[in-house]
Amino acid sequence: MSRRRKGTKVSGFASLRLALSAAFLGALLYSPDLAAQNAAAPTQSVTLGPSGLPLPRFVSLKAGRVNSRVGPGVNYSVDWMYMKPGLPMEIIQEFDTWRRVRDADGSEGWINQSLLSGRRTAIVAPWQRGKDARINLLDDPQKDAGIVAIVEPGAMGTIKSCDGQWCEMTFSGHTGWLAQSLVWGAYPGERVKD
């Protein structure tokens with residue numbers, strides 16, 4: 001992920017927190033008892049922000065240079081500068097035309113809505129970045145499907161659709177399927193249509 005921070009060092013605690021949260025969430029998602037309870041549970045209500053859109057929600061960056069500020073306005077100092085167009089962000093709060101976002105590493109800041117897009121992208125298993133792990137991009141949404149490509153953790157791709165368990169994604173011209181639990185850019189169980 002390309003970004004710069006002015007005058008500050010970042011510890012590994014945000015990545016560790018993200019990895020532990022993902023592991024806990026993965027354990028919950030694959031629990032047969034919990035799956036049976038969720039099937040019988042009523043649908044959870046969605047929280048809407050002042051814009052009328054759900055919170056939290058995923059979006060992506062429109063531009064190749066996006067300032068993330070410490071507060072909702074140009075009078076607030078720049079905390080991060082993102083250098084990667086299409087990078088997925090999670091909107092967690094809204095104020096006027098400003099959106100408080102969180103990136104895959106857990107860093108938060110405020111970005112003007114004009115610099116955000118509804119185009120859905122995702123990062124593959126960012127909690128596995130730097131480890132010797134490879135993830136198979138499959139030709140069908142099933143575990144024993146043929147392999148289209150091998151994707152490294154931290155790779156960014158475009159989401160074509162998600163059915164709640166599998167996401168169809170494109171990486172550098174290769175399109176295939178990944179387990180939805182392996183992507184940061186779609187919520188567990190969320191359905192996405194491009």
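Modeller: A residue is called buried here when its relative accessible area is under 20%. The model is a predicted one.

Start with the cysteines. C162 and C167 are both buried. They form a disulfide, with their sulfur atoms 2.0 Å apart. The link between C162 and C167 is right-handed, with 105 degrees about the S-S bond. The count of disulfides comes to one.

Next come the nonpolar residues. In soluble globular proteins, nonpolar side chains tend to be buried together. The largest nonpolar core in this model has 17 residues, and the ones that touch the most other members are V124, I159, M169, F171, L178 and V183. At least two residues of this core come from each of strand 11 (121-124), strand 12 (135-138), strand 13 (147-151), strand 14 (156-163) and strand 15 (166-171). Strand 15 gives the most, with three residues. As for I159, setting aside residues up to four places away in sequence, it touches R120, T121, A122, E168, M169, G185, A186, V192 and D194.

F58 leads on to the aromatic rings. A pair of aromatic rings is described by the distance of the centres and the angle of the planes. The model has three aromatic pairs. One of them joins F58 and W184: the rings are 4.9 Å apart, centre to centre, with 85 degrees between the planes, and the pair is edge-to-face. This pair links distant parts of the chain, as F58 is in strand 4 (residues 57-61) and W184 is in strand 17 (residues 183-184), 126 residues apart. F58 has a relative accessible area of 7%, so it counts as buried. W184, at 9%, is buried too. Ring pairs also bring in Y187, which forms a cluster with F58 and W184.

Last, consider an arginine. R99 lies in strand 8 (residues 98-102). R99 is buried because its relative accessible area is 5%, under the 20% limit. The side chain of R99 makes a polar contact with the side chain of Q113, at 2.7 Å. Leaving out neighbours within four places in sequence, R99 is in contact with S51, R57, I91, Q93, E94, G109, W110, I111, Q113 and L116.

How values were computed. Residues are numbered from 1 along each chain as its sequence is written. This is a predicted model: local features need pLDDT of at least 70, side-chain atom pairs count only at pLDDT 80 or more; totals for chains, interfaces and linings use all residues. Side-chain values use heavy atoms; hydrogens and water are left out. A disulfide is a pair of cysteine sulfur atoms within 2.5 Å. Buried means under 20% relative accessible area, exposed over 50%, partly exposed in between (1.4 Å probe, protein chains only). Rings of Phe, Tyr and Trp (its six-membered ring) pair if their centres lie within 6.5 Å; planes under 30 degrees apart count as stacked, over 60 as edge-to-face and the rest as tilted. Helices (H or I, at least four residues) and strands (E, at least two) are DSSP runs, numbered from the N terminus. A nonpolar core is a set of buried Ala, Val, Leu, Ile, Met, Phe, Trp, Tyr and Cys residues joined through side-chain atoms within 4.5 Å. Contact means heavy atoms within 4.5 Å. A polar contact is a pair of N or O atoms within 3.5 Å; within protein, one must be able to donate a hydrogen and the other to accept it, and residues adjacent in sequence count only if both atoms are side-chain atoms.
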